[in-house]
Amino acid sequence: MENGKCIFVTGGTGNQGGSVAKALVQGGFAVKVLTRNPYSQNALDLVKIGAELVQGDLNDVRSYKEHIKGVYGIFSVQTFTKGIENEIEQGKALATLAKELDINHFLYSSVMCADASTGIPHFESKHIIENHVRQLDLRFTIIRPASFYENFLIPQVKKGILKGKFVTPIDRDASQQYMAAEDVGKAVLKIFQNPKIYIGNTITLAAEQLSIQEVADRFSEVLGIKMEYKKLPFLITRFILGKDLYKMFQWVNGKPHFERSKIEATKREFPGFLDLKSWITMNFKSK
């Protein structure tokens, strides 16, 4: 065990939090994972590798407060699926409790470009939480992950890809920065192992920058399927995906500036992040 240190992990049954829980356990930390359903398959899988489950709800501080007392660190991530107001309340409450209990290291997972005044609700919400964390004078680290490759595993997206149809609201020549959700765990492990280096820092994480056409080309190359790009009409995007994601895709299509230097910085600081072709091989060809 990493000097007996215990990390309290939220979102542990999701892609990002799950990768963090697994990496921390493998790195020798004791891990407590907050979950509403300790009987879900993802939760049970975490038990098998040695994590401890805490049944509770981020909406109710009382459900997990006692389990945080005495832990070394907290990994905090929230979703906006129930609205950004709920996300903000959860993020602020957990950070405030961390300050109250004098937690040694609070690590908050935000999003790339959270501070770029994008007008995207679930980017702005994370910036609000970031500022709350800073105002509390916590011993904190903030990470800002890029867009996850795992979005290509959304059932309807994956189904289309396997049929040779790459359907997206994003323009063919619009670029994004990407990474694998599982690589968040690698970065978080190193951060918790080296607090003197990372406390007080805000770190963007990204593995590569690709246009949508380049993404489609990589799927074609790895899968051996001719990939047909198709633009999803924005009216359909707004109806199916909702206002929040609609605004995000509008922003991406406006071709915002992404700093490629962030990718080189990630490679130097956290070597071994997957590129898209490697990720496709692992998640499409091996399953």
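Cys113 is found in the loop between strand 5 and helix 5 (121–135). Helices (H or I, at least four residues) and strands (E, at least two) are DSSP runs, numbered from the N terminus. Cys113 is buried, at a relative accessible area of 16%, where buried means under 20% relative accessible area (1.4 Å probe, protein chains only).

The model is predicted: local features need pLDDT of at least 70, side-chain atom pairs count only at pLDDT 80 or more, and totals for chains, interfaces and linings use all residues. Residues are numbered from 1 along each chain as its sequence is written, and side-chain values use heavy atoms, with hydrogens and water left out.

Most residues other than glycine have a negative phi.

| Residue | Phi |
|---|---|
| Asp102 | about 55° |
| Cys113 | near 70° |

Asp102 sits in the loop between helix 4 (84–100) and strand 5 (105–109).

An open sheet of 7 strands has the order 3-2-1-4-5-6-10, with parallel pairing. Two strands pair if DSSP finds at least two bridges between them. Strand 3 (52–55) and strand 10 (202–205) each have a single partner strand, so one side of each is left without a neighbour in the sheet. Strand 6 (residues 140–145) pairs with strand 10 in the parallel sense over 4 bridges, and Pro145 stands opposite Leu205 in strand 10.

Another open sheet has 3 strands in the order 7-9-11, and its pairing is mixed. Its edge strands are strand 7 (147–148) and strand 11 (208–211). Strand 9 (residues 175–179) runs antiparallel to strand 11, joined by 4 bridges; Tyr178 stands opposite Glu208 in strand 11.

Note on methods:
Buried means under 20% relative accessible area, exposed over 50%, partly exposed in between (1.4 Å probe, protein chains only).
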